[in-house]
Amino acid sequence: MIRTIASPATFASPRSDAASRSLQGGPVCEYRPIFGHLEPTLERSYEDIESISIPVVANLDGKGAPEIVVNTTRSAGQNWTSGHLVVVDGASFERRIPLVEPSECSNAVDEPAKGCFRSNGRSTIALADVSGDGLPDILYIGRDGKLRAVDFNDGEPRILWTSRNQADTAEFTIPSATGTNAAITVANFDDDPEAEIIVRGHLFDHDGRLISAFGSGEGSNGG
(Lines give C-alpha, C1' and ligand atoms only; values in the text may rest on other atoms or scores of the structure.)
Protein backbone atom coordinates (compact mmCIF):
# COMPACT_ATOMS: atom_id res chain seq x y z
CA MET A 1 0.00 0.00 0.00
CA ILE A 2 1.26 3.49 -0.87
CA ARG A 3 -0.32 6.66 0.45
CA THR A 4 0.44 10.37 0.18
CA ILE A 5 -0.71 12.78 2.86
CA ALA A 6 -1.41 16.50 2.51
CA SER A 7 -0.64 18.65 5.56
CA PRO A 8 -2.40 22.04 5.28
CA ALA A 9 -1.03 23.32 8.57
CA THR A 10 0.20 26.88 9.05
CA PHE A 11 3.28 27.61 11.06
CA ALA A 12 4.07 30.80 12.92
CA SER A 13 7.55 32.26 13.09
CA PRO A 14 9.56 31.34 16.18
CA ARG A 15 9.26 33.80 19.05
CA SER A 16 11.43 34.56 22.02
CA ASP A 17 10.07 33.37 25.35
CA ALA A 18 10.90 35.69 28.23
CA ALA A 19 10.89 32.73 30.57
CA SER A 20 13.37 30.76 28.50
CA ARG A 21 16.73 29.90 29.89
CA SER A 22 19.75 31.95 28.81
CA LEU A 23 23.45 31.22 28.93
CA GLN A 24 25.46 32.76 31.71
CA GLY A 25 25.87 36.41 30.87
CA GLY A 26 24.48 35.87 27.38
CA PRO A 27 21.26 36.65 25.51
CA VAL A 28 18.16 34.48 25.47
CA CYS A 29 19.01 31.43 23.37
CA GLU A 30 15.85 29.32 23.42
CA TYR A 31 12.99 29.73 20.94
CA ARG A 32 9.67 27.94 21.10
CA PRO A 33 7.82 27.87 17.75
CA ILE A 34 4.04 28.07 17.73
CA PHE A 35 2.43 25.54 15.40
CA GLY A 36 -0.95 25.80 13.76
CA HIS A 37 -3.57 23.07 13.79
CA LEU A 38 -2.52 19.99 11.79
CA GLU A 39 -5.20 18.20 9.76
CA PRO A 40 -3.57 15.70 7.37
CA THR A 41 -5.81 14.42 4.57
CA LEU A 42 -5.33 11.43 2.28
CA GLU A 43 -4.58 12.58 -1.29
CA ARG A 44 -4.28 9.25 -3.08
CA SER A 45 -3.39 5.64 -2.42
CA TYR A 46 -2.25 2.50 -4.24
CA GLU A 47 -3.46 -0.53 -2.32
CA ASP A 48 -2.83 -3.49 -4.62
CA ILE A 49 0.39 -4.54 -2.86
CA GLU A 50 1.85 -5.24 0.57
CA SER A 51 5.21 -3.81 1.62
CA ILE A 52 7.30 -3.65 4.80
CA SER A 53 10.27 -1.67 3.41
CA ILE A 54 10.72 2.03 2.77
CA PRO A 55 9.68 3.25 -0.72
CA VAL A 56 12.13 5.39 -2.68
CA VAL A 57 11.26 8.34 -4.90
CA ALA A 58 13.09 9.74 -7.94
CA ASN A 59 12.50 10.76 -11.53
CA LEU A 60 13.57 7.56 -13.27
CA ASP A 61 12.92 8.71 -16.84
CA GLY A 62 13.64 12.44 -16.58
CA LYS A 63 10.06 13.27 -17.55
CA GLY A 64 7.14 14.73 -15.61
CA ALA A 65 6.59 13.73 -12.00
CA PRO A 66 8.98 11.46 -10.09
CA GLU A 67 8.26 7.75 -9.79
CA ILE A 68 7.76 5.81 -6.55
CA VAL A 69 9.61 2.50 -6.31
CA VAL A 70 8.36 -0.11 -3.85
CA ASN A 71 9.69 -3.48 -2.76
CA THR A 72 6.66 -5.69 -2.10
CA THR A 73 6.43 -8.67 0.21
CA ARG A 74 4.45 -11.92 0.52
CA SER A 75 3.81 -12.12 -3.22
CA ALA A 76 1.03 -14.58 -4.05
CA GLY A 77 0.62 -15.30 -0.34
CA GLN A 78 4.18 -16.60 0.07
CA ASN A 79 6.58 -15.64 2.89
CA TRP A 80 8.01 -12.24 3.82
CA THR A 81 11.09 -12.63 1.61
CA SER A 82 8.99 -13.19 -1.53
CA GLY A 83 8.74 -9.77 -3.15
CA HIS A 84 8.59 -8.01 -6.50
CA LEU A 85 9.55 -4.52 -7.62
CA VAL A 86 6.65 -2.15 -8.30
CA VAL A 87 6.99 1.34 -9.81
CA VAL A 88 4.09 3.81 -9.89
CA ASP A 89 3.80 7.31 -11.32
CA GLY A 90 4.17 9.82 -8.49
CA ALA A 91 1.40 12.11 -9.77
CA SER A 92 -1.28 9.69 -10.95
CA PHE A 93 -0.27 6.55 -9.00
CA GLU A 94 -0.68 4.56 -12.21
CA ARG A 95 1.52 1.46 -12.21
CA ARG A 96 4.52 1.68 -14.56
CA ILE A 97 6.02 -1.72 -13.76
CA PRO A 98 5.33 -4.55 -13.73
CA LEU A 99 3.56 -4.34 -17.07
CA VAL A 100 1.06 -6.93 -15.83
CA GLU A 101 -0.82 -7.18 -12.54
CA PRO A 102 1.70 -7.96 -9.77
CA SER A 103 -0.25 -11.14 -9.00
CA GLU A 104 0.49 -12.34 -12.55
CA CYS A 105 4.28 -12.18 -12.08
CA SER A 106 6.06 -15.49 -11.75
CA ASN A 107 7.44 -16.49 -8.36
CA ALA A 108 9.85 -18.93 -10.02
CA VAL A 109 11.77 -16.77 -12.52
CA ASP A 110 12.33 -13.11 -13.37
CA GLU A 111 10.38 -11.90 -16.41
CA PRO A 112 12.01 -8.68 -17.67
CA ALA A 113 9.71 -8.53 -20.71
CA LYS A 114 6.77 -8.21 -18.29
CA GLY A 115 8.68 -5.91 -15.92
CA CYS A 116 8.60 -8.63 -13.25
CA PHE A 117 11.66 -8.72 -11.00
CA ARG A 118 11.68 -10.99 -7.95
CA SER A 119 13.11 -9.30 -4.87
CA ASN A 120 13.80 -10.13 -1.25
CA GLY A 121 10.73 -8.59 0.35
CA ARG A 122 12.49 -7.98 3.68
CA SER A 123 15.36 -5.96 2.23
CA THR A 124 15.40 -2.28 1.34
CA ILE A 125 16.03 -0.93 -2.15
CA ALA A 126 18.03 2.05 -3.36
CA LEU A 127 18.32 4.36 -6.36
CA ALA A 128 21.59 5.52 -7.91
CA ASP A 129 23.03 6.17 -11.35
CA VAL A 130 25.28 3.16 -11.92
CA SER A 131 24.97 3.14 -15.72
CA GLY A 132 26.28 6.66 -16.31
CA ASP A 133 23.25 7.89 -18.28
CA GLY A 134 22.41 10.60 -15.74
CA LEU A 135 19.21 8.86 -14.53
CA PRO A 136 18.69 6.80 -11.35
CA ASP A 137 18.81 3.02 -11.65
CA ILE A 138 17.02 0.65 -9.26
CA LEU A 139 19.22 -1.43 -6.95
CA TYR A 140 17.69 -4.40 -5.18
CA ILE A 141 18.53 -7.76 -3.62
CA GLY A 142 17.03 -10.74 -5.40
CA ARG A 143 15.48 -13.69 -3.66
CA ASP A 144 18.67 -15.61 -4.45
CA GLY A 145 20.78 -13.18 -2.37
CA LYS A 146 22.37 -11.49 -5.39
CA LEU A 147 22.51 -7.73 -5.86
CA ARG A 148 20.99 -6.48 -9.11
CA ALA A 149 20.60 -3.19 -10.97
CA VAL A 150 17.63 -2.39 -13.21
CA ASP A 151 17.47 0.39 -15.78
CA PHE A 152 13.89 1.73 -15.78
CA ASN A 153 14.37 2.54 -19.48
CA ASP A 154 11.24 4.70 -19.79
CA GLY A 155 8.90 1.93 -18.68
CA GLU A 156 10.62 -0.90 -20.57
CA PRO A 157 12.96 -2.07 -17.80
CA ARG A 158 16.03 -4.21 -18.28
CA ILE A 159 18.53 -5.77 -15.90
CA LEU A 160 21.88 -3.99 -16.15
CA TRP A 161 23.85 -6.53 -14.15
CA THR A 162 23.88 -9.16 -11.42
CA SER A 163 26.57 -9.03 -8.73
CA ARG A 164 29.82 -10.83 -9.62
CA ASN A 165 32.87 -12.01 -7.70
CA GLN A 166 36.15 -10.10 -7.41
CA ALA A 167 37.73 -12.03 -10.28
CA ASP A 168 34.72 -11.12 -12.44
CA THR A 169 34.34 -14.75 -13.46
CA ALA A 170 31.00 -15.73 -11.88
CA GLU A 171 27.88 -14.33 -10.26
CA PHE A 172 28.23 -13.58 -6.55
CA THR A 173 25.71 -14.39 -3.82
CA ILE A 174 25.95 -12.27 -0.68
CA PRO A 175 26.50 -14.85 2.08
CA SER A 176 23.82 -15.15 4.74
CA ALA A 177 22.48 -18.01 6.80
CA THR A 178 19.02 -16.47 7.12
CA GLY A 179 18.54 -14.51 3.89
CA THR A 180 19.98 -11.19 2.80
CA ASN A 181 17.41 -8.99 4.54
CA ALA A 182 19.69 -5.98 4.44
CA ALA A 183 19.78 -2.32 3.51
CA ILE A 184 21.58 -1.05 0.42
CA THR A 185 23.85 1.99 0.80
CA VAL A 186 25.25 3.95 -2.14
CA ALA A 187 28.09 6.48 -2.28
CA ASN A 188 30.90 7.43 -4.63
CA PHE A 189 34.19 6.06 -3.27
CA ASP A 190 36.41 6.65 -6.31
CA ASP A 191 37.04 9.20 -9.06
CA ASP A 192 34.47 8.01 -11.61
CA PRO A 193 30.98 9.59 -11.67
CA GLU A 194 29.03 6.41 -10.88
CA ALA A 195 28.13 5.25 -7.37
CA GLU A 196 29.47 2.23 -5.50
CA ILE A 197 27.19 0.00 -3.42
CA ILE A 198 27.51 -1.50 0.08
CA VAL A 199 25.40 -4.46 1.22
CA ARG A 200 26.10 -6.30 4.50
CA GLY A 201 29.80 -5.44 4.59
CA HIS A 202 30.35 -6.05 0.87
CA LEU A 203 31.48 -3.23 -1.40
CA PHE A 204 30.50 -3.47 -5.08
CA ASP A 205 31.63 -1.32 -7.98
CA HIS A 206 29.05 0.48 -10.11
CA ASP A 207 29.10 -2.42 -12.59
CA GLY A 208 28.25 -5.04 -9.95
CA ARG A 209 31.74 -6.48 -9.44
CA LEU A 210 32.71 -7.19 -5.82
CA ILE A 211 35.55 -4.91 -4.73
CA SER A 212 35.99 -6.10 -1.15
CA ALA A 213 34.25 -7.84 1.71
CA PHE A 214 35.04 -6.63 5.21
CA GLY A 215 32.84 -8.82 7.37
CA SER A 216 29.08 -8.83 7.17
CA GLY A 217 28.06 -9.81 10.66
CA GLU A 218 24.80 -11.70 10.96
CA GLY A 219 21.73 -10.39 12.70
CA SER A 220 18.78 -12.60 13.56
CA ASN A 221 17.09 -11.59 10.31
CA GLY A 222 20.08 -11.51 7.99
CA GLY A 223 20.83 -7.81 8.47
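1. Leaving aside its neighbours within four places in sequence, Asn71 is in contact (heavy atoms within 4.5 Å) with Ser51, Ser53, His84, Ser119, Asn120, Gly121, Ser123 and Ile125. The model is a predicted one, in which local features need pLDDT of at least 70 and side-chain atom pairs count only at pLDDT 80 or more, while totals for chains, interfaces and linings use all residues. Residues are numbered from 1 along each chain as its sequence is written, and side-chain values use heavy atoms, with hydrogens and water left out.

2. Asn71 counts as buried, its relative accessibility being 0%, where buried means under 20% relative accessible area with a 1.4 Å probe and protein chains only. Its side chain also reaches the backbone oxygen of Asn120 at 2.8 Å.

3. Asn71 belongs to strand β6 (residues 67-71); strands are DSSP runs of E, at least two residues, numbered from the N terminus. Because 5 of the 5 residues of β6 are buried, this strand is largely enclosed by the rest of the structure, with Glu67, Val69 and Asn71 on one side and Ile68 and Val70 on the other.

4. Strand β5 (residues 56-58) is joined to β6 by 3 bridges in the antiparallel sense, pairing requiring at least two DSSP bridges, and Val56 stands opposite Val69. With strand β7 (residues 82-89), β6 pairs antiparallel over 5 bridges, and Asp89 in β7 is the bridge partner of Glu67.

5. Elsewhere, an open sheet of 4 strands has the order β10-β11-β12-β13, with antiparallel pairing. β10 (126-128) and β13 (158-162) stand at its edges with a single partner strand each, so one side of each is left without a neighbour in the sheet.

Methods: Buried < 20%, exposed > 50% of the residue type's maximum accessible area, 1.4 Å probe, protein only. Polar contact = N/O pair within 3.5 Å; in protein donor to acceptor, adjacent residues only side chain to side chain.
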